[in-house]
Amino acid sequence: MNTHILEQAIGWTVRLREGSAEEWRAFTDWLEADPDHLAAYDEVQRTDAALGQIAPRPRPVIAGQPPAHLPVRSRRGWLVGGGSRLPPPMRLRRSPARRAACSLPMAAAST
Amino acid sequence: MSVGGLEAIYVAHRLELLRFLRARGAGDAAEDLVQELWIKASAGASGPIQDPLAYLYRAANNLMIDRARSEISTAQRNRDWTDATSGLSEASDAPSAERTLLARETLAEAARVIAELGERTDTIFRRFRIEGVGQKRIAEELGISINTVEKHLQRAYRALVGLRRRLEEAEAPASPEQGSHP
């Protein structure tokens, strides 16, 4: 896989989190330009989606409200590394709000 | 925006969303998926949505992500990486103790890989991906440019993709490294 294409795919992954319709159209153009683009983007998404199951995806942006953030406790989440010895599922269980966020149907339409 | 308002946006941009789904690899399923997209998006739209078309695009993209994920688990491809999270999903079949252990090891390794990139990259990735803070706000918090934030996120994602590739190679039958853990 071409490194430059992988970088572009990561760039789209990062920017489309808060992307406008215009950016989504530009992304569509990019996907159509070369089949390797979709392959690279899919690879980044598979990697990213695996993380998404332990940390909920960002909620939809509701007009007039700041984006919902996770509890402060999550700052010591699994990615801190070397900190807590608790396995991730146990930490998830301690936070019903996060679990609820994971199971909301619209978690599927929010990144 | 009401669901009725969202529906008007959906109807007006249905062809555009179809084109996106096809570009995203939906193939013959694109027509079905655009319907499914509407059902999910309308069910989830409980409050006013800032940018309804972007919201529909995000919903379409997530539909493709979920679809790819379920196809992968069916095919038992990318086993290590998928195991890293399937054991944590309430919807999945109960994994064996061995598999759950493997999944935790893989998650710990992902955490190590990000930590090795340095504190700043670790912090920025955590803020962005785990805590859901936007690039712009992270840039403001740290007093750096949005481009710099993206550079750190690039490093983190590249490292995770690299880890994922190494795990896949370790899974390949020809690999002498199979089953070994450092």
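Q: Buried means under 20% relative accessible area, exposed over 50%, and partly exposed in between (1.4 Å probe, protein chains only); with that reading, what percentage of the residues in chain A is buried?

A: This is a predicted model, in which local features need pLDDT of at least 70 and side-chain atom pairs count only at pLDDT 80 or more, while totals for chains, interfaces and linings use all residues. Residues are numbered from 1 along each chain as its sequence is written, chains are lettered from A and ligands numbered from 1 in the order in which they are written, and side-chain values use heavy atoms, with hydrogens and water left out. In chain A, which has 111 residues, buried residues make up 50%; in chain B, with its 182 residues, 46% count as buried.

Q: How many helices and strands are there in chain A, and how many in chain B?

A: Helices (H or I, at least four residues) and strands (E, at least two) are DSSP runs, numbered from the N terminus. Chain A has 5 helices and 0 strands, and its elements, taken from the N terminus on, run α-α-α-α-α. Chain B has 9 helices and 0 strands, giving the pattern α-α-α-α-α-α-α-α-α when the chain is read along the sequence.

Q: At what angle do helix α2 and helix α3 of chain B pack?

A: Axes are lines fitted to C-alpha atoms, for helices over the stretch in contact, and angles run from 0 to 180 degrees between N-to-C directions. Helix α2(B), residues 14-23, packs on helix α3(B), residues 30-44, at an angle of about 120°, and the two axes lie 9 Å apart. Angles under 35 degrees count as roughly parallel, over 145 as roughly antiparallel, 65 to 115 as roughly perpendicular and the rest as oblique; α2(B) and α3(B) are therefore oblique to each other. From α2(B) the contact takes in B:R14, B:L17, B:L18, B:L21 and B:R22, which meet B:A30, B:E31, B:L33, B:V34, B:Q35 and B:L37 of α3(B).

Q: Which residues of α2(B) are buried, and what phi does B:G25 take just after this helix?

A: The buried residues of α2(B) are B:L17, B:L18, B:F20, B:L21 and B:A23. Just after α2(B), B:G25 adopts a positive phi of about 95°.

Q: At what angle do α1(B) and α3(B) cross?

A: Helix α1(B), residues 3-12, and α3(B) cross at roughly 160°, their axes coming within 11 Å. That crossing makes α1(B) roughly antiparallel to α3(B). On the α1(B) side the contact is made by B:V3, B:L6, B:E7 and B:Y10, and on the α3(B) side by B:V34, B:Q35, B:W38, B:A41 and B:S42.

Q: Where is the place of B:A156, and does B:A156 count as buried or exposed?

A: B:A156 has its place in helix α9 of chain B, which covers residues 146-171, and B:A156 counts as buried because its relative accessibility is 0%. Leaving aside neighbours within four places in sequence, B:A156 is in contact with B:I114, B:L117, B:T121 and B:F125. The C-alpha atom of B:A156 is separated by 7.7 Å from that of B:D122, a residue 34 residues apart along the chain.

Conventions:
Contact means heavy atoms within 4.5 Å.
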